[in-house]
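Me: Please examine the structure shown below. My questions about it follow.

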Amino acid sequence: MLIAPSLLAADFTQIGNEARRAFIAGADWLHLDVMDGHFVDNVSFGPDVCAAVRRAVGPTAFLDAHLMITAPDHYYPRFVKAGVNLICIHAELDGQVDLSATLRGIREAGVQCGLAVNPATPWEACLPYLEAVDMVLVMSVVPGFGGQSFMGEVLDKVRALAAWRKEHGASFLIQMDGGIGAEQAPLCREAGADCLVAGSSTFRAKSMSDAIMTMRNA
Ligand SMILES: O=C(CO)[C@@H](O)[C@H](O)COP(=O)(O)O
């Protein structure tokens with residue numbers, strides 16, 4: 001199980017130190033929540049902050065950028081340039097954005113690509129793209145803010161994706177994000193998730209390393 005603390009819950013006055021703290025505590029990945037104030041009702045940070053995080057954590061740390069933005073096709077090259085390892089875009093943009101071309105472009109730029117689904121979006125929205133992604137992100141909260149409660153009903157989507165993956169011999173990772181801590185991690189694992197994003201339960205824990213270890217051992 002990969003654990004990816006979400007920088008959204010970090011102390012923004014200490015962003016570089018906070019990013020380093022996550023890896024020192026045992027994080028596998030660092031999750032970067034990028035919000036544009038259009039796709040979600042919040043604004044977070046953009047490529048310059050991601051580039052600063054890359055400088056802070058060094059060249060080998062895995063940075064996973066979740067683009068909650070309406071124009072990922074326009075902006076993804078800036079996140080590639082910032083040095084992230086994986087860029088995840090949203091399935092809800094189908095029809096507005098050429099998702100196949102954007103996913104292909106991300107991969108051709110040498111970065112892994114992912115597709116995210118909001119709680120209200122069926123997993124089947126990912127079906128046309130499952131051969132073309134390295135990861136599917138199943139949101140377990142309505143995106144936009146940290147600190148929300150886990151929506152257990154999305155576990156059925158994770159089960160369906162895991163079943164599809166097994167049946168088709170595919171290898172994409174399944175990531176879950178939102179309201180995840182020690183109590184939810186075993187449920188996510190049982191459903192078939194491989195990577196858990198956790199903001200409040202890691203950055204705001206008394207011991208970040210204990211919090212990460214507990215979730216990883218779920
Ligand atoms: O993408 C999002 C929210 O939009 C998440 O990454 C949250 O930031 C996770 O935070 P917690 O729910 O773990 O506090």
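Me: How many residues surround the ligand, and which are the closest?
Reply: This is a predicted model, in which local features need pLDDT of at least 70 and side-chain atom pairs count only at pLDDT 80 or more, while totals for chains, interfaces and linings use all residues. Residues are numbered from 1 along each chain as its sequence is written. The shell holds 22 residues, and the closest are Ser 6, Pro 143, Gly 146, Gly 199 and Ser 200.

Me: Which elements give two or more residues to the shell around the ligand?
Reply: Helices (H or I, at least four residues) and strands (E, at least two) are DSSP runs, numbered from the N terminus. The elements that give two or more residues to this shell are strand 2 (29-35), strand 8 (195-198) and helix 7 (200-203).

Me: How many helices and strands does the protein have?
Reply: The C-alpha trace of the protein spans about 40 × 35 × 30 Å along its principal axes. Its secondary structure comes to eight helices and eight strands.

Me: Are helix 2 and helix 3 roughly parallel or roughly antiparallel to each other?
Reply: Axes are lines fitted to C-alpha atoms, for helices over the stretch in contact, and angles run from 0 to 180 degrees between N-to-C directions. The axes of helix 2 (residues 47-57) and helix 3 (residues 72-82) come within 8 Å and cross at roughly 15°. Angles under 35 degrees count as roughly parallel, over 145 as roughly antiparallel, 65 to 115 as roughly perpendicular and the rest as oblique. Helix 2 and helix 3 are therefore roughly parallel.

Note on methods. A residue is near a molecule or strand if its C-beta atom, placed from the backbone, lies within 6 Å of it.
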